[in-house]
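Q: Could you walk me through the packing and the pockets of this model? I'd like to start with the pockets.

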Amino acid sequence: MRSRRSVLAVPGSNPRFLEKAQTLPVDEVFLDLEDAVAPLAKEEARKNIVTALREGDWSGKTRVVRVNDLTTQWTYRDVIEVVEGAGEFLDCLILPKVQDPTEVVWLDTLLTQIEKSMGYEVGRIGIEAQIENARGLVNADAIAGSSKRLETLVFGPADFMASINMRTLVVGEQPPGYEEGDAYHYILMRLLMAARMHDLQVIDGPYLQIKDVEGFKRAARRSAALGFDGKWVLHPAQVDAANEVFSPSQDDYDHAELILEAYEYYTSVEKRGAAMLGDEMIDEASRKMALVVAAKGRAAGLRRTKSFTP
């Protein structure tokens, strides 16, 4: 799986932002054709994005474009112009406001046609499905299983909050009057279960108070604690916070690698199903938990500082 701790949103209508995004230490950049671009600027934004993908230096970053949703007149031209123009430099497309699995199937089919026409490898370009209303959440299981191209489910909090009439104007914060628990817990867990059922990643949406880094961290820790893989960032100030929150600590990463190495030794050399690592008993369940942490640490570029000695 690709590392998606930090996912930077960049308006395709702003060449200066497109250039700046290439210098930031984010895992993924998505060049936006949807909400961040005014209707009259969308055609020019497509051209900007194709140029940026073809000529920019996106080393170490997953390159993604968010097209417009299927209720608009722009979507099919977004896909055709971007993929035909720069498909070999593109990793995924984000389809926003997904409500039904047939929408993902539509995008999969169109991508296949373009790939065959252009001579690209069929199936290489992935899809990220953004869930932004109640219907999409109710259909999350079916959406998550709708295409082999699908790599992630993404929570779109602003449109979602509006769609269910949540009484707040601050995206990502608890609504006034909700004093016990977390108003987003069910939504986040619902998306997490749908994603994991189909071995997909799941990404939390943006925190719009871009100068409130502590507020961003608070929201990010909530989804990271549940098991989310990353979070959208809207400003360079949020990047380091996202990378930190969604990476394991050095101690946790070392511990996970020790568990994997020790378990491999005890099961293959000593042929034991369970063993001790210091004061800790490890078994197959320990191995599975350690795999998750180790994979996140490796994706984040961490290096081991401890080694196992039988």
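**Pockets and core**

A: This is a predicted model; in it, the lining of the largest pocket is made up, by class, of nine nonpolar, three polar and seven charged residues.

Q: Okay, and how much space lies in the largest pocket?

A: The largest pocket holds about 380 Å³ of space, and among its 19 lining residues, M1, D229, V292, A295 and K296 lie nearest the centre.

Q: Which element gives the most to that lining?

A: That is α12, which contributes five residues; the elements that give two or more are α8 and α12, the latter spanning 284–299.

Q: What about the second largest pocket, how much space is in there?

A: The second largest pocket has about 270 Å³ of space, and of the 18 residues lining it, D35, R66, P206, W232 and L234 are the closest to its centre. By class, this lining has 11 nonpolar, two polar and five charged residues, and β1 (6–11), β2 (28–32) and α7 (157–163) each supply at least two of its residues.

Q: Switching to the core: which residues touch the most other members of the largest one?

A: The largest nonpolar core has 69 residues, and those touching the most other members are L31, L53, V65, V79, V83, L93 and L153. Helix α8 (residues 185–197) provides the largest share of this core, six residues.

Q: Take V79, then; what does it touch?

A: Leaving aside residues up to four places away in sequence, V79 touches V67, E84, L93, W106, L107, L110, L111 and I114. There is also a second, separate core of 13 residues, including L258, L260, L277 and I282.

Methods. Residues numbered from 1 in each chain as written. Predicted model: local features only at pLDDT ≥ 70, side-chain atom pairs only at ≥ 80, totals over all residues. Heavy atoms only, no water. Core = buried A, V, L, I, M, F, W, Y, C linked by side-chain atoms within 4.5 Å. Buried < 20%, exposed > 50% of the residue type's maximum accessible area, 1.4 Å probe, protein only. Helix = DSSP H or I, 4+ residues; strand = E, 2+ residues; numbered from the N terminus. Contact = heavy atoms within 4.5 Å. 1 Å grid on protein atoms, 1.4 Å probe; cavity = no way out; pocket = protein on both sides within 12 Å on 5 of 7 lines; lining within 4 Å. Points joined across faces, edges and corners; volume = space filled by probe spheres on them. Nonpolar A, V, L, I, M, F, W, Y, C, P; charged D, E, K, R; others polar.
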